[in-house]
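Have a look at the model first, then go through the points.

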Amino acid sequence: MDFLIIGIDGGTKEIIDNMPMPFTQSLFKGAGYKILEEDLISRGWAEALTGCHASENKGFYLMPFSDQTYDFNHAYSKEIMVSESPNEPLWSMLNNKGVRVGIVNVPTTGPAPDVNGFIISGGGGGLGSIGDIPANMYHPRGIEAILRKHNYIFDIRPPGGCKTVSEFIRKITDAEVTQKNTFIELTSKEKPGFGFYCFRMTTSIQYLARYEIDRCMDGINKAKENRIEFKTENTIQENLISHYKMLDESIKEMFDSLNPKHYLFIGDHSTALYKKDLNLDVWLESHNLLQVMNQYERFFNRLGNYLSKRLFKLTNYTSNKKSVRKPMTRFKPSKTQAFGTFYDIGNFAGVFINDSKRFGGPICSETEVEILVNDICSKFNADPLTQSHHLYAKPFQKLYKNSRFSYLLPDIQITKPDTTYSSGRYWEFISDNPNLTPLEDEIEDKKYPYTGIKGSDPLFIYSKGLENYIQTDDPNDLTLVYKIIDRYFSLNTLHDKRTGL
């Protein structure tokens, strides 16, 4: 194979470097490494598949409908990605260069497009067993027999029908083995020049058990220092060790089978330990920029929303809004100048100005918006409390003022440690995550994120020689993946044509 990408959803170099993954670690020692910086409002896989930030392909984790309501949309699909991106998707770009592709389990690729090669779309939507797989999730149709042969499992979401964390980890480990076996057989049969395989479900383990992963890493390193064998403390740790051993063995099998000339290891984001919780609305309220509804107003607000839904249902009204989210804080629209983003947004911390154009709010002109943005940033950065927690406010939307979808972005970004999670879970500006204790095996009531959250430095490891396809003015994010592949195959295709190979 000419070029292989190994994707690990939530891929984190620290974890791979410290868990029992000797083969992968040996690859990394002979490879290049680049620290990327994801803003965590733009979907990483969509960036890699199109070479575009969310401001150009609409690939936001969360975005306002911008219809003078406070409805936000957290849905995204391949159709939106392809239709809104100025670049053709990765598989089309490669096929148009005469390159056959083999893509398995990469998010935002379903329904499966027609490709020269094969594709099994990334899981989601509750797909579980082979019997649940829609026919439109793979191409060509003839590979169904191989999927069934390996009992291919598309996806497992928590709790995955499990009663314990240990069982959940084992179930994901077994499912990723079926996906790996399917990929290896298909590449052997179809012989694509480009392969892209993703370990997607590993991120679910890391969101749930990052604290136990850290305990394992600490124990492994202490055991090495003392030249003794590391011993796990509980069944969760035993299954975590087995999972990462499986990842390493699977990667080795792929490299032994495919012998790629070049490779990339990438994640769509990293996974950080969830230490602190941040609620920006608390700070905004304390500075008279947001006014919370009282209990009676909240009751009538909920009643109004309920009656509206009932009316739509009775009249068979079909809204074009799907997967709607609303701000966690129920604030008074006419008395609120700004409100914070919330946990569905993917660990981006930011502030939306409550303007009239997007939300029907009291801030009308662009000049008013700019003045308020600067005022909030100035007050936020002068606050000793924000300084003590390494929080810093800066204008954000104007950085993308020439982009198609800049109006969907928050006006302000709050830079922060990755270990601080921006949400509306608790009515406290900064609070400790109460889950940072040894993990109980009972999986019930453990909601994501539990001890792990999205981090801004995704895995990005590349084989020697690929540095020649990185330019000094390239954005320092996952759009670089698309650019490297485009340049690599453009130059090598041109070389093959000139030499007649």
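1. Gly 340 sits across from Val 351 of strand 14. Strand 14 (residues 350-353) runs antiparallel to strand 13, and three bridges join the two. Strands here are DSSP runs of E, at least two residues long, and helices are runs of H or I, at least four residues long, both numbered from the N terminus; two strands pair if DSSP finds at least two bridges between them.

2. A word on the basis: this is a predicted model, where local features need pLDDT of at least 70, side-chain atom pairs count only at pLDDT 80 or more, and totals for chains, interfaces and linings use all residues. Residues are numbered from 1 along each chain as its sequence is written, and side-chain values use heavy atoms, with hydrogens and water left out.

3. The sheet around that pair is open, with four antiparallel strands in the order 13-14-16-15. Strand 13 (338-340) and strand 15 (392-395) are the edges; each has a single partner strand, so one side of each is left without a neighbour in the sheet.

4. Now the backbone. Most residues other than glycine have a negative phi, and most peptide bonds are trans. Leu 40 has a positive phi, near 70 degrees, in the loop between strand 2 (32-33) and helix 3 (44-50). Asn 151 also has a positive phi, near 55 degrees.

5. Please check the cis peptide bonds too. One joins Gly 110 and Pro 111, with omega about -5 degrees; another runs from Tyr 448 to Pro 449, with omega near -15 degrees.
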